[in-house]
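Subject: Structure handover

Hello,

Here is the structure I said I would pass on. Please open it and keep it beside you while you read the notes below.

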Amino acid sequence: MSPADLWLRDEKRALRRAMTGRREELSAEQRAQSAQAATDRFLELPEVTAARVVAAFVSTRSEIDTSRAVEGLRRRGVTVVLPRVSAELLPPRLRFHKVEGPSELVFGIFGLLEPGPGCPEIAPHDIDVFMVPGLAFDARGGRVGYGGGYYDELMAYVRAHPDGPSGFFVGFGYDFQLTESCPTGEWDVPIDCIVTDTRVIRCGSVPE
């Protein structure tokens with residue numbers, strides 16, 4: 001591993017530890033208030049109000065709660081899909097499946113809740129908006145996730161599709177997860193937008 005790669009790995013590890021610690025310090029009341037505020041902003045995005053299919057994620061660890069956003073989308077009649085880690089070798093390793101409710105979720109290979117085997121798969125290019133988890137984000141679209149590269153692979157796959165780019169990728173988290181600059185490497189793919197409990201950032205533009 002080159003010195004630059006070692007630096008990048010260590011910087012990401014340090015940022016992951018710092019952000020995880022800050023998330024775990026939040027009280028239940030703070031978590032609930034932040035989740036509601038972020039949900040309201042997410043549901044007001046023009047890309048979301050126009051969407052027919054939205055990919056969410058099941059919150060885990062100390063992640064901001066996505067359940068309010070999921071229920072808000074379903075009340076609008078939007079098809080909600082959730083990710084499952086595929087055993088297939090061909091990318092993307094994240095596959096998305098239509099889920100009607102929590103009873104259709106099962107524990108996957110990493111011990112995380114994901115769609116059960118009976119949930120129909122939806123192709124990435126049929127998804128209008130993707131909610132993207134992460135530990136840190138920056139205004140340029142930089143993102144530090146958990147290290148598996150699943151969402152970077154997915155974004156690269158979607159944007160390289162022969163039918164042209166599709167899907168709008170939205171980082172969803174607490175406002176303190178926004179940093180001045182995320183450490184990124186050549187395989188890291190920028191997101192389009194960030195929604196937090198206090199603001200919306202169109203990546204590369206002025207915060208809303």
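A cavity, as the word is used here, is a set of grid points where a 1.4 Å probe fits but cannot get out, whereas a pocket is an open set. Please also keep in mind that the model is predicted.

The cavity

How many cavities of 30 Å³ or more are there? The count comes to one. The largest cavity holds about 30 Å³ of space. Its lining is made up of Arg23, Phe57, Glu63, Ile64, Pro133, Gly134, Phe172, Gly173 and Gln177. By class, four of these lining residues are nonpolar, three are polar and two are charged.

The pockets

The largest pocket has a volume of about 1,000 Å³. Its lining consists of 40 residues, and those nearest the centre are Tyr146, Gly147, Gly148, Gly149 and Tyr150. Which helices and strands each supply at least two residues of this lining? They are α1 (3-24), β2 (79-85), β5 (113-115), β9 (143-144) and α5 (150-159). Helix α1 gives the most, with six residues. Sorted by class, the lining of the largest pocket has 18 nonpolar, nine polar and 13 charged residues.

The second largest pocket contains about 200 Å³ of space. It is lined by 14 residues, with Val58, Ser67, Val70, Leu82 and Leu105 closest to its centre. Helix α4 (residues 67-75) provides the largest share of this lining, four residues. The classes here are seven nonpolar, four polar and three charged.

The surface

On the surface there is a nonpolar patch formed by Ile109, Phe110 and Leu112, which together have about 320 Å² of accessible area. Ile109 is found in the loop between β4 (105-107) and β5. Is Ile109 buried or exposed? Its relative accessibility is 65%, so Ile109 counts as exposed, the cut-off for that word being over 50%.

One backbone angle

Arg61 sits in another stretch of chain, the loop between β1 (53-55) and α4. Its phi is near 50°, a positive value in a residue other than glycine. Arg61 is exposed because its relative accessible area is 59%.

Regards

Technical notes
Residues numbered from 1 in each chain as written. Predicted model: local features only at pLDDT ≥ 70, side-chain atom pairs only at ≥ 80, totals over all residues. Heavy atoms only, no water. 1 Å grid on protein atoms, 1.4 Å probe; cavity = no way out; pocket = protein on both sides within 12 Å on 5 of 7 lines; lining within 4 Å. Points joined across faces, edges and corners; volume = space filled by probe spheres on them. Nonpolar A, V, L, I, M, F, W, Y, C, P; charged D, E, K, R; others polar. Patch = residues over 30% accessible without salt bridge, like charges linked within 9 Å, V, L, I, M, F, W, Y side chains within 5 Å. Areas by Shrake-Rupley, 256 points an atom, 1.4 Å probe, with all protein chains shown as cover. Salt bridge = Lys/Arg side-chain N within 4 Å of Asp/Glu carboxyl O. Buried < 20%, exposed > 50% of the residue type's maximum accessible area, 1.4 Å probe, protein only.
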